[in-house]
Amino acid sequence: MFNFQTWAGAMSQTDLLFCVGLGQALLLLLAAPLFSGISRVLRAKFHSRRGPGIWQDYRDLLKLLNRREVIPAEAGIVFRATPYVMFVAMLIVAMAIPALMDHSPVPPMGDLVSIIFLFAMVRFFYSLSGIDSGSMFAGVAASRETTMGVLNEPIMVLSLFTVASMAGSTDLGTVAANIRAGAMPSYAATLMAMLAFGFAIFVEMGKLPFDLVEAEQELQEGPLTEYSGRSLGLMKWGVALKQIVALSLFIGVFLPFGGGGSLTWLAVGVAVLVLLAKLLVAFVAIAFVENTMARNQFLDVSRITFIGAGAAMLAFALSLAGV
Amino acid sequence: MSVLALLATAMALYCFGAVGSLLLRRWERAATFVAGVSAALAGGLGVVGALQVLIDGTGPSFSAPGPFPFASFTIRVDPLAALLVLVISLVTVAATVFSLSYLRDYYGRGVGVMGFFLNLFIAAMIMVAIADNGFYFLLFWEMMTMTSYFLVIFNQDREAVDAGFLYFFVTQSFSMLLMVAFLLLFMRSGSLDFAAFRAEKLPTWLASIIFLLTFFGFGAKAGMVPLHIWLPRAHPASPSHASALMSGVMVKLGIYGIIRVAVDFLGASVAWWGWIVLAFGAMSAVLGVLYALAEHDIKRLLAYHTVENIGIILMGTGVGMVGIATGKPILASIGLLAALYHTLNHAVFKGLLFLGAGALTYATQTRNMAMMGGLARRMSWTASFFLVGALSIAAIPPLNGFVSEWLTYQAFFTASTGPDFTSRLFGPLAAVMLAITGALAVMCFVKAWGLMFGGAARSQAAAEAGEVPVTMLAGMGGLALLCIVFGLGAPVIAPILSRAVGALLRAGSVKVADGILIFPGDPHQAVLSTPLMAALMICLLAVPLLIAAIHRGHRVAPRIVPEAWACGYDHDAQMTVSAGGFVEPPGFMFRGLYWLRTIQGPAAEVLDGSVTVATHAAGIVEPVWDEMAVGGSTRSVRFLGRYLQAMEGGDLRVYCLYILAALGVLLIIEAR
């Protein structure tokens, strides 16, 4: 079998994995508008509309990237820098998560703490750009976005800490490998942590009841109010990238089945198809949940996130009990 | 030059700066220059000396009999002390360079005296860190409190005087606990030398009493909840470069004291000590950041963040102490390493942020964030430096705050994997507390940076503000650079600090770095590489730039519209999100925890009230002595005087009569 080793000659295992990481990031980047398009089509079907077609988001991005920008005079450096910062942070996470392989392609960044803080980095700049634009909607949205972080980050930390302590490592690749090998001491705790983390990812993706992605001036897209043209294109792409990366993180850690274990062309190719299939299933499942839920008043959100926090606590308690 | 010579020269320079500044107080420009430059030079020497000790992993000591027979003047610069000297000196250099222009705002209000107290304050802090004798430690400790008290009340307004009083009252009353603890140690060991304290094997009950006494004694100085009430009042009241030193550095000496006594003297032999430190740390972290969120005064906000970060440092220290007590050397090392690293990092970014706050007050003459806005375009350097500080304190990778919080998380993780049930229970819970703290810090600094630098100007002063002078920028820029260096340089810095921890624990140091990687003792648990992360960030920036470049959007210059969209209404700066509005959701969701503060407010008032009663009572009691001792004699003298006065009628005939009477009396006496 033709494999990477012969192709790459002198390249070491680490370098090869690094290349896989880069490829994984590019794959997710290119697939992001496709999956956000699929979400839009699915929502249209739930509304009994025909919908725009799954390629519409590519067309939207292309159109926006070629448009001239309109910037309020009050907007400053953070407003201009945020689209790029968002891309960079999410691409790094996309490289580090165990999505194609059953371990992290770039272990020095595939640690759960690093990943959570990279998400925090996106949140920081995304919210700040909202305030920096001087728009009143964006300012309120920035407040809500950071509040969601306060409610959501503890759930992510506790659920991942629970599985990590059972796997003996905070490296998400090692956690995934342990789950794949069925080596977790407590299945109930793993399952509960999966539910809690899935909940947190659902929130992180900005889905109902926390948001409605297509409506502007709401939580998720609020800070986008003043963006236009090329920057808006980059921001929209960045948001789509964040969604798909967050979902791949969940899939990579908690559903690490069917992916590539070895570094051969065939294995990696199969892993790409498996990942896309899993993402498709996940997006469809999320569409079901999202489109059957009502929207809540924002100040009540903390009550809903208590469900997630409760699930994470339960997972933690189960892992302590060792059942 | 040897380390001791360097430090002695630094001390001499601080004293020279202090005295020179005092002598030149009539020529304020010269006084500022002498005080600032000599302190900056001394700080530089301190950095060199401290780095030498940290890199060698061992330091010199010095002892002289001194004037008192019961205490010899002993100095010992071990790596822990050297780290503190490094922290003090780094912030000193930046703050004093900053002060060269910043103090222009204070001309005419006694700048020379301020220089005197500031230099002595820094010298006292360094002496506290390197003193190796209980008596001299307390002596310099008191000197540090006294000199900083004068910095707090410098503004002489009601707020400053009240804050100074509260500060003095709290720290003085809690330093009594330290004296008691040191006396207890003295009674057992018969010597006030730290070496004797270290050698003493104490029974557990006595060790526990000493631990609790020093934990609360030092904790009050460190500003941990619930002994923090003085901190958010005292730190904002002083001039900003002094606030940077107080908030960035002085509180660390409280941490230093806790580590020195609990780990070095008492050997952290009991597990519940560590849990207590961890619990108070977690409480300080969460409540500190929550209260910071509600502040609209930038310096008060930063002061509350000091409470938060002290909490994070205490959490690391606590989990490390648990590691020592339960016989897990890796947990002990990583916990203490995280604490020491965060001590260093917090000094750097909090120093930077306070200097930034100073620059903002210099430019806009207000500390109220709601009165700023839009300053990023008028003060772009200050804005960039402040952004670096904000990103660091919010633990955004790959800056320094992230590295030390990462290590703290790893310490919690190490705790949660052992067989010990208590550790497995509290390790992840501590991580959750840290996660809440981190997310709230993100929110808080989005608000702070956004309201001050983003959007439109909200006041006339903000609209007319200009960039600050170059020395102020240099002070901030140096610290901003250090935020980046201590973040990206983690693979170099972590092993040095790990060696310091090893020396403290009197054990071998744990390997925490290899090449460009750092890991918490065990590379299978986790690895991190901030330099790699930074390099990747720069490389991956090519992706969005490329996407932007190959499309037409960039060929047309953006159209600048005068204002943001407001649904067709005229845009008004009042429409944008306000400081209160921004934090309303957490205020609603965590109202229970804010309630704690509202009951703590009255607690501070009760304290204030009791102080008023005490001074009033003293006013009544004090004259009683006066009355009894002096009053009697003065009254009789006055009584006599009144009669004598009656005799002096001023009538010539009466005086003649007196003379005749006197003559008569003399004749009678003579006739006998």
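Trainee: How do helix 8 and helix 9 of chain A run relative to each other?
Mentor: They are roughly antiparallel, where that label is for angles over 145 degrees, under 35 is roughly parallel, 65 to 115 is roughly perpendicular and the rest are oblique. The axes of helix 8 (residues 187–204) and helix 9 (residues 229–254) of chain A cross at roughly 170 degrees and come within 9 Å. Axes here are lines fitted to C-alpha atoms, for helices over the stretch in contact, with angles from 0 to 180 degrees between N-to-C directions. Helices and strands are DSSP runs numbered from the N terminus (helices are H or I, at least four residues; strands are E, at least two).

Mentor: Before you go on, this is a predicted model, where local features need pLDDT of at least 70, side-chain atom pairs count only at pLDDT 80 or more, and totals for chains, interfaces and linings use all residues. Residues are numbered from 1 along each chain as its sequence is written, and chains are lettered from A and ligands numbered from 1 in the order in which they are written.

Trainee: OK. Which residues of helix 8 and helix 9 of chain A meet?
Mentor: From helix 8 of chain A you have A:Met194, A:Phe197, A:Gly198, A:Ile201 and A:Glu204, and they meet A:Ala246, A:Leu247, A:Phe250 and A:Phe254 of helix 9 of chain A. Contact means that the C-beta atoms, placed from the backbone, lie within 7 Å. By class, that contact between helix 8 and helix 9 of chain A has seven nonpolar residues, one polar and one charged. Nonpolar covers Ala, Val, Leu, Ile, Met, Phe, Trp, Tyr, Cys and Pro, charged covers Asp, Glu, Lys and Arg, and the others, Gly among them, are polar.

Trainee: And in chain B, at what angle do helix 16 and helix 19 cross?
Mentor: Roughly 40 degrees, with the axes of helix 16 and helix 19 (residues 470–488) of chain B coming within 7 Å. That makes helix 16 of chain B oblique to helix 19 of chain B. Helix 16 of chain B brings B:Asn400, B:Phe402 and B:Val403, while helix 19 of chain B brings B:Cys483, B:Phe486 and B:Gly487. In this contact of helix 16 with helix 19 of chain B, four residues are nonpolar, two are polar and none is charged.

Trainee: Is B:Ala395 buried or exposed?
Mentor: B:Ala395 is buried, with 31 other C-beta atoms within 10 Å. The cut-offs are 20 or more other C-beta atoms within 10 Å for buried, 12 or fewer for exposed, and partly exposed in between, with C-beta atoms placed from the backbone.

Trainee: Where else is there a cis bond?
Mentor: One goes from B:Val225 to B:Pro226, with omega near 5 degrees. B:Pro226 sits in the loop between helix 8 (204–222) and helix 9 (231–237) of chain B. As background, most peptide bonds are trans, and most residues other than glycine have a negative phi.

Trainee: What about helix 13 of chain B, how many residues does it have?
Mentor: Helix 13 (residues 329–364) of chain B has 36 residues and reaches 51 Å from its first C-alpha to its last, close to the 52 Å expected. The expected span is 1.5 Å times one less than the number of residues. In helix 13 of chain B, 33 of its 36 residues are buried.

Trainee: Last one: how many residues does each chain put into the contact between A and B?
Mentor: Chain B gives 73 residues and chain A gives 70 residues. Helix 17 of chain B supplies the largest share of the chain B side, 16 residues. That side of chain B has 53 nonpolar, 15 polar and five charged residues.

Trainee: Which strands pair across the two chains?
Mentor: Strand 1 (residues 70–72) of chain A pairs with strand 5 of chain B in the parallel sense over three bridges; pairing needs at least two DSSP bridges between the strands. A:Val70 stands opposite B:Arg559 of strand 5 of chain B.

Technical notes:
Two residues are in contact if their C-beta atoms, placed from the backbone, lie within 7 Å.
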